[in-house]
Amino acid sequence: MNILEMHDIHKSFNDLDVLKGIDLSVSQGEVVAVIGPSGGGKSTLLRCATTLERIDSGKIVIGGDVLCDSADGKIHYCDKNMLSEIRSKFGLVFQNFNLFPHFSVRRNITEALIHVHKKSKEEANKICDGLLAKMDLTAKADEYPCNLSGGQQQRVSIARALATNPEIIFFDEPTSALDPELTKGVLKVIRELAQEKMTMVIVTHEMSFARDVADRIVFMDGGVIVEEGPAYELVTNPKQERTKAFLAGY
Amino acid sequence: MSFAGISFDNGIFATLTDCSIVLAVVCLIVSEIIMNSHKKHYPVGAKIKKPAFVVILHAAAAILALPLVIRIILSCIGLVTDDKEKFFSTIKLLGQGFGFSFGIFFFTIIFSLPLGLIVAAGKMSKIKTISAFFTVYVSILRGTPLMLQLLLVYFGPYYLFGVTTGNIEIGPFNYRFIASIIGFSLNYAAYFAEIFRGGIQSMPKGQYEAAQVLGFTKMQTYFKIILPQVVKRVLPSAGNEIITLVKDTSLAQVLAVTEMFTQASALASAQVSVMPFIVAGLFYYLMNVTIETILGLFEKSMNYYS
């Protein structure tokens, strides 16, 4: 079953066409890495899938629910209730973490559980403790984000995205703001999630990581998907000239 | 002025004070010169350790300034001892005036802070007419004298609608007092609105996006995520306005509210002395020191994150 289906997505900012008809579907348990040069539309694609940007035309289905459709030529987004239903089905990890600085690590993770998903405080804390143990951050539960390293902050934000038990997690360049040393810890966590068969879409510049962890790699440039295929094959034996040129840089 | 038979304004004590304060200033200048040449041995940005000689000079300056401090204190006591009764009646009348000043201050803060938030929200509204209205509101309220605005609030109802306001009373407050609170609140709301707007717009977009993706409603995002952080950001500049307001309450004298400065003026002309003004100044200062302390504690309580 496909957790994410994006069909013929078009998106432009003013006169600039950023996405020019993207088709992407992700099935359950699949890890898809999106690679490509900056300005190629990778992040915009992710932002459209996570409701942060509205698309101009196309169709997006997440976890079986239709987020938007333009079958009759005009884009229609679902209503508010469906929107919050859909938002509870995915998690998003940002490049610059976007943790809430005035909340402790624990509150960052439990706040949405308590106030959006109406879980009891005990229940939320239990989920939080489990996730922190998994992220190797148990000792940091009562710290504030400003006292954590970038790598720790990013792991907290992964825990926050996981807390609501989403069907799919999107990562928007999760390690681009980190130095190589801190990157390792974050990639390790994502690798473990992949082993647990978490469905993930990862925009990344970490080519070897994408090759090892992803099932499939999508190479985007100029607002279109230039090439996609099994991860190892695409990295080692790209077919398109553009892909070859890009990968030669790594 | 005299105390125990010693005159402070001239004579040996005054000469002594003048000499010592000059020496104190010389000490400070010398220590500053030494520090400047000393700094050259340190890299830029490094923490500089004071040489012992500079420390001694500072201590000497403090001791030399002491006679002046004593002179000021004794002069103040002299004020009391010269005519005790006059002094206490002055304090009493100014205290009553202070009650009104504080009342204006208190109610203005109560009304203008929430109003400022509404004006800020209005100015940032996506609906053009609303944002235009509040933009004009802020522009006019900030661009015309507060004194004029107070007069307009007081006399406006009569000239515009023929309403007599003389009999209006709410509890113990007459319309003069109420009008000044309305005037101050409308005016300060405009300033607070700009401070709030600055704070809200300085919030990174990522905070809204993270909240949205996590499923928080717009209300929850504002009240749980954005506003608590905005408070920290706007506190220094809002504190500025709050302290200015304490002193601005003296403008209520154009509406003949018997606030502290009005009282001080009346007392000063009755006594042919500036003493009531100085005591009033002390009242304002004490109040602002208190406010500063409270704001400082408040700021400190939010230091746990950055």
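**Confidence**

The complex receives an ipTM of 0.92 and a pTM of 0.77 from the predictor. For chain B the average pLDDT is 85, and 90% of the residues score at least 70. Within chain B the lowest confidence falls in strand β1 (residues 2-3), with a mean of 48, while helix α4 (residues 128-143) has the highest, at 96. Where pLDDT is low, predicted coordinates should not be read in detail.

**Contact between the chains**

Chain B contributes 16 residues to the contact and chain A contributes 17 residues. On the side of chain B that touches chain A, α7 (205-213) and α8 (218-248) of chain B each supply at least two residues. The most comes from α7(B), which gives six residues to that side. Sorted by class, the side of chain B that touches chain A holds eight nonpolar, seven polar and one charged residues.

**Helix packing in chain B**

Two packed helices are described by the angle between their axes and the distance between the axes. For α4(B) and helix α6 (residues 175-201) of chain B, the angle is about 115° and the axes are 9 Å apart. The crossing of α4(B) and α6(B) is left-handed. From α4(B), the residues making the contact are B:Y137, B:V138, B:L141 and B:R142; from α6(B), they are B:L186, B:N187, B:A190, B:Y191, B:A193 and B:E194. Seven of the residues in this contact of α4(B) with α6(B) are nonpolar, one is polar and two are charged.

In soluble globular proteins, nonpolar side chains tend to be buried together. The largest nonpolar core here has 79 residues, of which A:V34, A:V201, A:I202 and A:I217 touch the most other members. Helix α5 (residues 150-163) of chain A provides the largest share of this core, six residues. Leaving aside residues up to four places away in sequence, A:I217 touches A:A33, A:I35, A:A210, A:E228, A:G229, A:A231, A:L234 and A:V235. A second, separate core has 31 residues, including B:F105, B:A179, B:Y188 and B:F192.

B:F173 is located in strand β4 (residues 173-174) of chain B. B:F173 counts as partly exposed because it has 17 C-beta neighbours inside 10 Å.

A:V61 belongs to strand β4 (residues 57-62) of chain A. Its 18 C-beta neighbours inside 10 Å are why A:V61 counts as partly exposed. Beyond four places in sequence, A:V61 touches A:E5, A:V66 and A:L67.

A:D215 sits in the loop between α7 (207-213) and β10 (216-221) of chain A. With 16 other C-beta atoms within 10 Å, A:D215 is partly exposed. Beyond four places in sequence, A:D215 touches A:E30, A:V31, A:V32 and A:A231.

The table gives one C-alpha separation for each of these residues.

| Residue pair | Separation in sequence | C-alpha to C-alpha distance |
|---|---|---|
| B:F173 and B:F100 | 73 residues | 10.0 Å |
| A:V61 and A:M1 | 60 residues | 12 Å |
| A:D215 and A:I62 | 153 residues | 19 Å |

How values were computed
Residues are numbered from 1 along each chain as its sequence is written. Chains are lettered from A and ligands numbered from 1 in the order in which they are written. This is a predicted model: local features need pLDDT of at least 70, side-chain atom pairs count only at pLDDT 80 or more; totals for chains, interfaces and linings use all residues. pLDDT is the predictor's confidence in each residue, from 0 to 100. Helices (H or I, at least four residues) and strands (E, at least two) are DSSP runs, numbered from the N terminus. Two residues are in contact if their C-beta atoms, placed from the backbone, lie within 7 Å. Ala, Val, Leu, Ile, Met, Phe, Trp, Tyr, Cys and Pro count as nonpolar, Asp, Glu, Lys and Arg as charged, and the others, Gly among them, as polar. Axes are lines fitted to C-alpha atoms, for helices over the stretch in contact, and angles run from 0 to 180 degrees between N-to-C directions. A crossing is left-handed if the near helix is turned anticlockwise from the far one by less than a right angle, and right-handed if clockwise. A nonpolar core is a set of buried Ala, Val, Leu, Ile, Met, Phe, Trp, Tyr and Cys residues joined through C-beta atoms within 7 Å. A residue is buried if 20 or more other C-beta atoms lie within 10 Å of its own, exposed if 12 or fewer, and partly exposed in between; C-beta atoms are placed from the backbone.
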